[in-house]
Amino acid sequence: MPPAAESHPPLRVALLGCGVVGTQVARLLTEQADDLASRVGARLELVGIAVRDVAAPRDAAIDRALLTDDAEGLVQRADIVVEVMGGTEPARTLLLRAIEAGAAVVTANKALLAEDGPTLYKAADAAGVDIYFEAAVAGAIPIVRPVRESLAGDHVRRVLGIVNGTTNYVLDQMATTGMDLEEAVKEAQALGYAEADPTADVEGYDAAAKAAILASLAFHTRVSLDDVAREGILSVTADDVAWAAQTGHVIKLLAIAELRDGAAGVPAGVSVRVHPALVPTAHPLATVRGSFNAVFVEAESAGELMFYGRGAGGAPTASAVLGDVVSAARHRVLGGKGPQESTYAELAILPASAAVTRYQVRLDVEDRPGVLAQVAHALAEHGVSIEAVRQPTAPGGAGAAEPGVAELVITTHAAPESALAATVEAVAALEPVRTITSVLRVEGA
Ligand SMILES: NC(=O)c1ccc[n+]([C@@H]2O[C@H](COP(=O)([O-])OP(=O)(O)OC[C@H]3O[C@@H](n4cnc5c(N)ncnc54)[C@H](O)[C@@H]3O)[C@@H](O)[C@H]2O)c1
Ligand SMILES: N[C@@H](CCO)C(=O)O
Ligand code: NA
């Protein structure tokens, strides 16, 4: 049992940033002060909130006397520094100053961690202080701690995540209401899911940062944002979404990190990527609706696990931040330290071309004998094996793009991205092929 709150001097908490997340962190620190004190064994005293503009209007929950524009000064007088301002600078410098001054740090800043986490991890290690970042991946969902600690005795093979609430909301709205992409993005912004600049969401940068963090933790290997092959959702059309439904799939933006052990002509290493994918409706990830997030983990001994919940929004994200603050605070009271960065495995990071997936290719072809055989031959020549071919429009019949043109939907067995790219080029060059309408990866089958 922790000692009574009064037996340890209060721990000073500094908050950097008072936006969507920071406001909720400040509110919860105040409203739950007694519970937190009992859980930690010391009172958590919010000693200051660094903001850009002290005079700006704020939520009523914010004690204006705590506001300061001197973030540098604030980090010097704290035991725990919580960074929720986002961006690379001045967040990195402030966190480094805090660490040098002996404070534990808690951050929600996936962009900074994916770009330059090692600088912070090394500094925290050298100073012997905690660095926690549960909120940086999938907001409220406990996923950093489970991968870093609960699964530390297992071997993770693969992580498949819906880790961006904005894009999941957008794709779900497109599928269920027929709303267009722009309108759905505006709604996601109004609801507080989207980043200030939603390009980070729709172009997959936010998910890629989270993929890098998850891959690093899962495979004990340093993975940064530049290592992640990334495609956003801007190329996903209403037609793709409707097609997905017809073939028993939903389209999700997935963050994928997987260990490849050198089979199928692909070298051993880690493949980390973000792209839209067709997910079979029977897969647990297909049930993740709206702005919810989920991370599906496959580990050797644990088997399949899924972590589900709110990945964005002020209060859910603040919940994860507060959990980290409690962990760091308990170490201040009871001794001990959280885990350090683990990169001992030093696995190779595979190029995008080495990713191995199944594909669904839709194409319009001239509807005459022998065309399917030509297409099948082009795939076979590149070593891509066909799993199924559908011709959804009756020859020249209702639904055909135009008379004499048929639509083919080809699903392949797993093939390396490099083989697929060459195959699609070869198929597109065939004389009876009019257009390749879409090429989508199939994951989770
Ligand atoms: N909003 C979410 O749902 C969510 C979820 C998970 C993680 N995050 C992460 O949490 C962090 C904060 O996100 P947010 O949504 O609260 O952003 P926000 O834009 O609402 O808030 C950031 C605040 O920090 C302030 N700020 C920026 N630079 C500053 C500086 N130099 N000095 C003082 N204040 C400064 C801004 O003025 C703003 O008020 C980001 O790293 C984000 O990626 C957000
Ligand atoms: N913009 C992010 C917030 C959480 O990182 C999202 O939509 O999921
Ligand atoms: Na989380």
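Student: Which residue follows helix 12, and what is its phi?
Tutor: G335 comes directly after helix 12, and its phi is positive, near 90°. Helices here are DSSP runs (H or I, at least four residues; strands are E, at least two), numbered from the N terminus. This is a predicted model, where local features need pLDDT of at least 70 and side-chain atom pairs 80 or more, while totals for chains, interfaces and linings use all residues. Residues are numbered from 1 along each chain as written, and chains are lettered from A and ligands numbered from 1 in written order.

Student: How far does helix 12 reach?
Tutor: Helix 12 covers residues 314-334, which is 21 residues. From its first C-alpha to its last it reaches 30 Å, close to the expected 30 Å (1.5 Å times one less than the number of residues).

Student: How do helix 1 and helix 12 cross?
Tutor: The axes of helix 1 (residues 20-31) and helix 12 come within 8 Å and cross at roughly 60° (lines fitted to C-alpha atoms over the stretch in contact, with angles from 0 to 180 degrees between N-to-C directions). That angle makes helix 1 oblique to helix 12 (under 35 degrees is roughly parallel, over 145 roughly antiparallel, 65 to 115 roughly perpendicular, and the rest oblique).

Student: Which residues make that contact?
Tutor: Helix 1 supplies V20, V21, T23, Q24, V25 and L28, and helix 12 supplies G314, A315, T317, A318, V321 and L322 (C-beta atoms, placed from the backbone, within 7 Å). Eight of these residues are nonpolar, four are polar and none is charged (Ala, Val, Leu, Ile, Met, Phe, Trp, Tyr, Cys and Pro are nonpolar; Asp, Glu, Lys and Arg charged; the others, Gly among them, polar).

Student: At what angle does helix 2 pack with helix 12?
Tutor: Helix 2 (residues 33-40) packs with helix 12 at about 50°, with the axes 9 Å apart. Helix 2 is therefore oblique to helix 12. L36, R39 and V40 of helix 2 meet V326, A329, R330 and V333 of helix 12. This contact has five nonpolar, no polar and two charged residues.

Student: Changing topic, what surrounds ligand 2?
Tutor: Its shell includes G139, N164, Y193, E195, D201, D206 and A312 (C-beta atom, placed from the backbone, within 6 Å). The shell of ligand 2 has three nonpolar, five polar and three charged residues.

Student: And which residues come nearest to ligand 1?
Tutor: G17, G19, G86, A108 and A312 come nearest, out of 23 residues around ligand 1. Helix 1 gives the largest share of that shell, three residues. The shell of ligand 1 divides into 13 nonpolar, eight polar and two charged residues.

Methods: Contact = placed C-beta atoms within 7 Å.
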